[in-house]
Amino acid sequence: MPRHIRLILVVTGGWIAACEAHALGLRWLPIGPQKWLHLAAMGIGAALCLARAAIRRRDRLAWLLIGLGVFAWAFGELYFTVVLWNDSAPPVPSPADAGYLSLPPLIFVGLILLARSRIKDLPKTIWADGVTAGLAASAVSAAIVFKPVLAAVSGNSLSVATNLSYPIMDLILLGFIAGVLAVGGWRLDRRFGVIAAGVMCFWTADTIYLIKAAEGTWVSGGPYDPGWWTIAVTCATAAWMQPRGRATRARSAEAISVAIASALVSLGILVVGSFTDVTLPAIVLSAGALLCVLLRLVLTFRAHQGVMRRTTREAHTDPLTGLGNRRAFAAALGDRLDDDDPEPLILSLFDLDGFKSYNDNFGHAAGDALLQRLAQGLESAIGADGGVFRMGGDEFCALLPGGQRGGALLRAAVGVLSDHGDGFTIKASMGSVRLPEETADVEEALRLADQRMYAHKSEGRRSTAALEVKHALLSALAHRDPELSEHVDDVAELAAGVAVSLGCDSAEVEAVRIAAELHDIGKIAIPEAILDKPGPLTPEEWTLMHQHTIAGERIIHASPALSDVAPLVRSSHERWDGTGYPDQLAGESIPLGARIITVCDSYHAMTSDRTYRKALSAEVALTELCACAGGQFDPAVVEAFLRLRARTRRESGASASANQGLAEISVAIA
């Protein structure tokens, strides 16, 4: 507290103490013209509160209201002193009463604001607890004190109500302070204790005045007047005191205890009133206290309902993106599948490819912003036609309507979950399940979608890495033998077409294509003299040549992304009858992809010029394939190859006679 503020408070408080001592008989103390100096004392208190609000921002509004309350009392006292001081029977109510009665509610609201800054999670029912405690205390006071007052007081009902409202409002204010101290701990803030002391003096002065005025024995300037003035000094002192310690958390047990104790007191008064003569104000105040308890129960119930709704919403909402979480997804899907005749749905899981790298490179804050942006895009793309959920991490889920509309939304979802920029590319792997066509069980649906999503992810990862390695190897092969490079491209196209014709899935087709492109990569380890030799090879040269598939397997196997391709390359020169190389595998023990490559490679070799012979025609090459089916080649692969060639010829506008020839060949091998 600043020194000059402390000095003003000491002088003002000392003068009030001197007035009290003078009223008690110590007449030798100089107190000056008490009639006017008490107005100065109250004006100083109000000014100090308002100055505190103007100078310091912390709790400014609270101290402004408290200062205005003290100022309103000072205004009422000024009016009484100037206009009604010498009136033996001052009118009630009067403008002075308006000023007096403004003090308790203004201080009440100011203390609520002050309590909010000192108590974390201050319950909204604290004002109801304070009013309840004040009404209960007022009921006790009315039962004990007001009986002789009511017997002696005269005048209209408005006058009586005005006089009785002073101690009642004081007790409500005290009850509120007691409730705040109970909720925040009785050692919460010494400023509340200082103000409570002033309110206690204020209530004592009001109560004694009420009794004395009713008895006709009240005399201004007596020992009770300083009780009113004290409120100004205590409020000003509290305004300039520094709070000690940190803000505390509300104690719910202590908060409810105030309401329970007040209800019990009020109930006791009502019970006693049924057997004895209790004043009507005591009955009314007790009933008011119980009504406040009921109001508190309503407020508490509404607060709990709000907490439950908020908790339920938070439990089903992802805090980062605002989408529904896994729990919300399970509930939504369960509700839809529980119908007697559920509508067709598409359940799709999405996992972001490249997000971890983005997070590592740009930081978690940027990663969170990216997730929020993609989530908003996904929600906008799907809209009200489906539901969107974040399953955790970089994984999203969508429930879409079945049919063409769902397919269109699915394509849109994949599009909005993609992003790219300097140094990053984000794409989405996807796995989908049709419900209830494939399953009506939530866990099974998730398992299938998750399995398909990660299969798609693995395929995408293999393709990206495989392309890089494949291009490097093919570049080395082209540098070594440009003609061989052109050969593998054609073989790869044929092999992929045959794999599709045999019903292979997309991952198997891609593996066959890459293996066909790389099936001759091992020849870079064979001397050029052997590869380009115009005549037949010697047995030693054939032995060395047969090692090229093993060399190719070793070269390809060095890349984990092509681990499933390497065995196809190794077995690409095996024969159906078991006389091939390098392992003399036979029949279906040879990988299907290798059997496909063998047929396509042989056809392309027969229809291409070599140093030792001219290229054969397509018809002759196909006849040779049919002749060797069941010996060198897998008959099923040869038949699929023939179907592919026939379809290709039809699409290219080939003659009907050529198609008839292919059909005859197909019948021959069948």
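Visitor: Why is Lys523 called buried?

Guide: Buried means under 20% relative accessible area, exposed means over 50%, and partly exposed lies in between, using a 1.4 Å probe and the protein chains only. Lys523 has a relative accessible area of 17%, so it counts as buried. This is a predicted model, in which local features need pLDDT of at least 70 and side-chain atom pairs pLDDT 80 or more, while totals for chains, interfaces and linings use all residues. Residues are numbered from 1 along each chain as its sequence is written, and side-chain values use heavy atoms, leaving out hydrogens and water.

Visitor: What makes Asp520 and Lys523 a salt bridge?

Guide: A salt bridge needs a side-chain nitrogen of Lys or Arg within 4 Å of a carboxyl oxygen of Asp or Glu. The closest N and O atoms of Asp520 and Lys523 are 3.4 Å apart, so the pair qualifies. Asp520, at 2% relative accessibility, is buried.

Visitor: How do you know that Arg570 and Asp583 form a salt bridge?

Guide: Their side chains meet at 2.8 Å, N to O. Arg570 is in helix α22 (residues 566-570) and Asp583 in the loop between α22 and α23 (592-606), so the pair ties together parts 13 residues apart in sequence. Helices here are DSSP runs of H or I with at least four residues, and strands are runs of E with at least two, numbered from the N terminus. Together with Glu553, these two residues are linked in a network of salt bridges.

Visitor: Why is Asp583 called partly exposed?

Guide: Its relative accessible area is 32%, which falls between the buried and exposed cut-offs.

Visitor: What does the salt bridge of Asp419 with Arg373 tie together?

Guide: The closest N and O atoms of Asp419 and Arg373 are 3.0 Å apart. Asp419 lies in strand β6 (residues 419-421) and Arg373 in helix α14 (residues 364-382), so parts 46 residues apart in sequence are tied together.

Visitor: Why is Arg302 called exposed?

Guide: Arg302 has a relative accessible area of 58%, so it passes the exposed cut-off.
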